[in-house]
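Thank you for making time this morning.

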Amino acid sequence: MLTTMKIVIAAWHLRDFNVGLGRYTQNLIESLGRVDQENEYEILVPVDSSSFTPRPNVHYHVCRYPVLKRRFWEQMATRLVGKYDLVHFPYDSCLAGKRGKFIVTIHDVKHLLYPKPVKRLNLARLVKRLLIPRPLKNIDHIITVSECSRRDIIAKLGVPNDLVTVIPQGVEQGKFLPLSEERSHESELRPSVLCVAGSDPTKNVHTLIRAFSLLPEKIQARCELILVGDVKKQGELHQLVKQKGLESRTRYSGVVSDQQLVCYYQQASVFVFPSLYEGFGLPVLEAMACGCPVVCSQTSSLPEVVGDAALMVDPVDAMAMKNAIERILTDPVLQRRMREAGLQRAKKFSWDHTARQTARLYERVVNA
């Protein structure tokens with residue numbers, strides 16, 4: 001039994017903290033440093049690491065190469081730290097050669113469930129196939145973030161049940177907080193329907209736009225639809241907003257800072273997450289932690305995450321989505337009940353708990 005392990009984490013996705021993989025990576029590393037002082041951590045980063053809290057057992061290596069491509073970076077960066085007990089890729093990729101045990105986090109297999117047409121030869125994909133023709137043979141264990149993803153990974157990748165462990169994500173509870181009672185009474189805000197989503201079509205923002213357009217005119221007239229994320233770039237959504245006559249009632253906020261995001265969650269009347277598929281669905285937790293009532297899809301992992309603290313609907317049924325939004329906007333008692341239920345639900349998801357479970361899994365895999 002090892003007393004101290006040398007653990008390497010390849011943190012490529014810190015390059016873009018605004019995406020889900022970046023948020024997962026940053027919070028996992030920060031929390032591992034907080035809850036595990038016994039093991040040595042070597043963190044490989046492609047960018048400056050000064051945002052992390054300094055800790056004596058966590059060492060950061062900034063790895064930059066002239067060809068800053070992920071496939072090349074992850075193979076070369078892991079060679080800088082010599083022999084290790086375990087290397088963890090907190091995203092779906094693989095090592096061509098390893099010097100210890102290897103764990104990968106596969107958040108979902110959406111690319112297999114909702115495949116995108118390949119229009120041309122992808123050099124990165126070709127290189128990966130040449131370097132690692134059978135990637136699953138190199139993986140000692142898979143972490144995923146929900147039971148839904150675990151089922152999909154086992155079914156689609158054909159891996160054994162005992163190769164996949166569910167460790168849910170957490171929410172930054174010191175950052176995503178509700179407005180204080182004092183601040184909540186400072187001003188009367190225009191009611192708003194908030195959505196946080198990226199450009200992926202499976203985020204299903206177009207159904208939310210249709211649902212908003214179905215709201216009674218007296219509600220629509222005093223309400224604003226706020227779309228946060230890079231949906232700003234999607235011309236077809238702009239066209240749908242224009243077609244539905246919602247231009248004056250829709251705000252495209254683009255990608256925002258965490259501070260701005262918290263303000264949006266705190267001030268929204270309802271947060272709507274109409275996604276067709278999620279491996280986890282962190283935005284619903286963030287919204288609940290900020291005291292915002294949630295309407296979300298009844299599909300994939302979302303029922304696991306929200307429990308009974310949200311109104312769930314069929315994501316392709318615009319009328320059902322409209323009815324759920326209208327209920328919250330017009331029923332103050334329901335608003336208060338959902339706010340309290342959401343706050344209690346969010347407390348169940350802690351990054352420290354995620355980190356403790358991950359550290360225990362590291363030990364189990366190394367000592368297997």
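Let me start with α7, which lies across β8, β9 (224-228) and β11 and runs at about 170 degrees to β9; contact here means heavy atoms within 4.5 Å, axes are lines fitted to C-alpha atoms, for helices over the stretch in contact, with angles running from 0 to 180 degrees between N-to-C directions, and helices (H or I, at least four residues) and strands (E, at least two) are DSSP runs, numbered from the N terminus. This is a predicted model, in which local features need pLDDT of at least 70 and side-chain atom pairs count only at pLDDT 80 or more, while totals for chains, interfaces and linings use all residues. Residues are numbered from 1 along each chain as its sequence is written, and side-chain values use heavy atoms, with hydrogens and water left out.

The sheet is open, with 6 strands in the order β10-β9-β8-β11-β12-β13 and parallel pairing, where two strands pair if DSSP finds at least two bridges between them. Within this sheet, β8 (residues 192-196) and β11 (residues 270-273) are joined by 2 bridges, and L194 stands opposite F271 in β11.

Returning to α7 (residues 205-213), this helix packs with α9 (residues 235-243) at an angle of about 10 degrees, the axes being 10 Å apart. The contact is made by V205, H206, I209 and R210 of α7 together with L237, L240 and V241 of α9.

Which residues of α9 are buried? They are L237, L240 and V241, buried meaning under 20% relative accessible area and exposed over 50%, with partly exposed in between (1.4 Å probe, protein chains only). On the other side of α9, E236, Q239, K242 and Q243 are exposed.
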